[in-house]
Structure formats: C-alpha cells, structure tokens
Amino acid sequence: MLLALFSSVPTAESRLLASNVPAPPPLEPDTGQPESELSNTSHLWAACHYHLGKFSLWMPAQYPWEVEARLRRLGRLVDPLSIHPDRISVLEMVDSGNGTFAVKWLLALSNEEDLFFNPRSGEDNLKEIMERFMPGSTLESMNELDDWPDTLRWDFAYKTAQRDIFFNVYVNAIETWLDVSESNPGLGGSAIYAAVATFAYNTSRTFVGDPDGLSDLALRRRLDNMLCSAIKYRSTDHIAPHPDQLNGCERLGVPPLTWVKGQTLDNIQYMIETVIVSLENVVPEVAHAYYDFQAKTFCNSEGGQLLETVFGSWSDQLAGSRTASAGITTFKRCILLRSLVRQESCARPLLLEQVLRDSRQFVDDGDLFGIFY
C-alpha cells in the first residue's frame, strides 16, 4: 500500500530529500515473508516533499540495496554510497525544473536529419532497412529456432575491405535482438544497431539486448546506440536495456543505468548521464573540453578550438579510446552532452531559444554534422 501511494505521484513533480527526523515506531512490513525472516529487517526513513505538501513514510528493506532497487523501479536515481541504515540520500538527476534540459535541447536539434549519420527510415522490412543502412549487405538465410519458439533468425553478411562480417538478427512478434559477435569495432556496428532499432520502432517491437549476454565492448557501445536512436525517434518505447546495463560494471567503469518503462524524457536523461561517466572514466580528456554554444565549436579548457586532428590523435594514441572503441564522433557527442548537463540554470532558456531558431546552423556550421548514429 505504501509503495502504491509512493509511486502514484508523478516523477517530474516529486522530490526525495534526506531526512534526520526521529524514526517513528516500526510498521509491520507487508512482504509475505514469515515473521522470523523479518526480525532483522531494517526500516529506512525517507522524507518526501511533494508539490501538494510534505509527508513521511516508512520503507521496509532488509538490505540497503533493496531500497535502491525499489526507488529505481519508481524512477528515482539513488546514489548507492549514500544509503545508510537510518536514512536515504537521493541524488535528483531528473526534476521538474532543469533535469531534462539537455534532452529537450537535443530533441529540438533532432529536427535536423543531418545530425544523424544513419538518417530516419519509415520502412518496416528488415532486409530493406539493412540494405539502406548497410549498402552491400545481403540476407543469407532465415531460420526457425528450436530453443526460441516463434522466433526467426535473420542471417546477414557484409563485405568490407578488411574482412567479411556476419551478424544475426532475431525477431519474434514483440521483440528483436542482435548478435554482432562476428563484427569487429569500426566495421559498421553502429549502422547495424541503427538498422535494428529502426526496424523495432517501425514495427512496434522492442529492441532488447542479446539474451546470451553482452561483451565488455557491447556494454558500452549498446548504450551509445540506444541514446542515438532515442533522440532520433524521440522515444524510448522501442528500446530496452539489457540486465547487464542495469547492473553496470565497476571493473569497466560503466555505472548502472536507471530505466523507467514509458518515461522517455527521464530515460534519455539517464542514458546521457551514464554515457558521460562511462567515457570520462576511460578517457578523462573529454572532461577538459567543452562545446561553445555561441561560437558553435568545440574548445579545450583554455578556450582554444579543438580541431579534428586533436580528436583523431585521442582516438589513435589514448589507451582509453581503444578500450571504449571511441572515435571522433564519440568524443564530440560526449563533450556536447557534458556541456549541456553542466549549463547554468539561467543560461538554459536562452540556449533552448537559440537551438529552436538556429538548429540548421548547429549542424552545418557548428561541427555537429552526423555526430549521432
């Protein structure tokens, strides 16, 4: 009942605050567990402030990460390091004020087709979509699968100067997923992802992660591709994160992704935050650069223009770039995202007006041509 009340308040109009209010007598949690299993249950205190007023409630949880998981399911981003047995501290990444400014700015710019390396397509035939996004690709066969009932595997091939690429797209009535384990970085992977995401969007399916798991590289790159598709189609209804993405990987420097089904603005914001941190952790140089929205160019920390040759040297020489399979467009995209989320509140309305007025100039003259897949 408490959770039902808690989740009924709109995400954009709620704010969770840390509370030091003395704890009231514990309520008996309704979990269905035997009483003996609840004897060590901790009760975490959360004070909630809403636009309708203030109220407080108990949230029973046997372990702190249970509270984190519950709040994540309700669309709140929790800092795991700040969860204590006596209170909850919540980092409010998405709020009713400025939390989705970066998303709104990008969606305004997404009117420009040339922002995307792989433009939109309205086709609903997977073979035709793949041929558009990957000219020269061929459909080798289609096979029914014994271990995946009612699922077809589409086997594609694509020839490059370096090698032949083979990849598989799995399709059933509601979902599609991709196996690109035979594809090397830089050999059309982003176009393949974009094609499958387009197919999912145009056929009302959901593009999910490979049920067999994600490689270290796919854990990074899949999120980049999801973000690009969400901005392109202004929706996250056609994509869903893999469980590995929700868990993150501390070893790789990839934080957990928060995701709330049906909440497009929030989900894009969560992806932006995760993309930035993931790349900064392996290529810290991006944290010392920014996008100048007035001059419409990328700059270093001293205000000098960052040229393509500099980004190219990062890609060739930095070990972290190889770890993340990051190239010029990846660096530009991350720096743009980082510059958007770090904008002062007073500057944001003017930047929104600017992009609505000058969106074409940002793509043609602002070094943003094709930086999203």
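Start by selecting helix 3 and helix 11: the two cross in a right-handed way (a crossing is right-handed if the near helix is turned clockwise from the far one by less than a right angle, and left-handed if anticlockwise). Helices here are DSSP runs of H or I with at least four residues, numbered from the N terminus. What you have open is a predicted model, where local features need pLDDT of at least 70 and side-chain atom pairs count only at pLDDT 80 or more, while totals for chains, interfaces and linings use all residues. Residues are numbered from 1 along each chain as its sequence is written, and side-chain values use heavy atoms, with hydrogens and water left out.

Helix 3 covers residues 101-109 and helix 11 covers 328-341; their axes are 8 Å apart, at an angle of about 130 degrees. Axes are lines fitted to C-alpha atoms over the stretch in contact, and angles run from 0 to 180 degrees between N-to-C directions. The angle makes helix 3 oblique to helix 11 (under 35 degrees is roughly parallel, over 145 roughly antiparallel, 65 to 115 roughly perpendicular, and the rest oblique).

Now show the side chains. Helix 3 brings F101, A102, W105 and L106 to the contact, and helix 11 brings L336, L337, L340 and V341; contact means heavy atoms within 4.5 Å. These residues are eight nonpolar, no polar and no charged (Ala, Val, Leu, Ile, Met, Phe, Trp, Tyr, Cys and Pro count as nonpolar, Asp, Glu, Lys and Arg as charged, and the others, Gly among them, as polar).

Among the residues making the contact are K104 and W105 of helix 3 and R348 and S359 of helix 12. The whole set divides into ten nonpolar, one polar and two charged.

Next, click on W105, F167, V169, M271, L336, L368 and F372. Of the 83 residues in the largest nonpolar core, these touch the most other members. Such a core is a set of buried Ala, Val, Leu, Ile, Met, Phe, Trp, Tyr and Cys residues joined through side-chain atoms within 4.5 Å, and buried means under 20% relative accessible area, with a 1.4 Å probe and protein chains only. Helix 5 (residues 189-202) gives the largest share, nine residues.

Last stop: S229, in helix 6 (residues 216-233). Is S229 buried or exposed? It counts as buried, because its relative accessibility is 5%.

How values were computed
Buried < 20%, exposed > 50% of the residue type's maximum accessible area, 1.4 Å probe, protein only.
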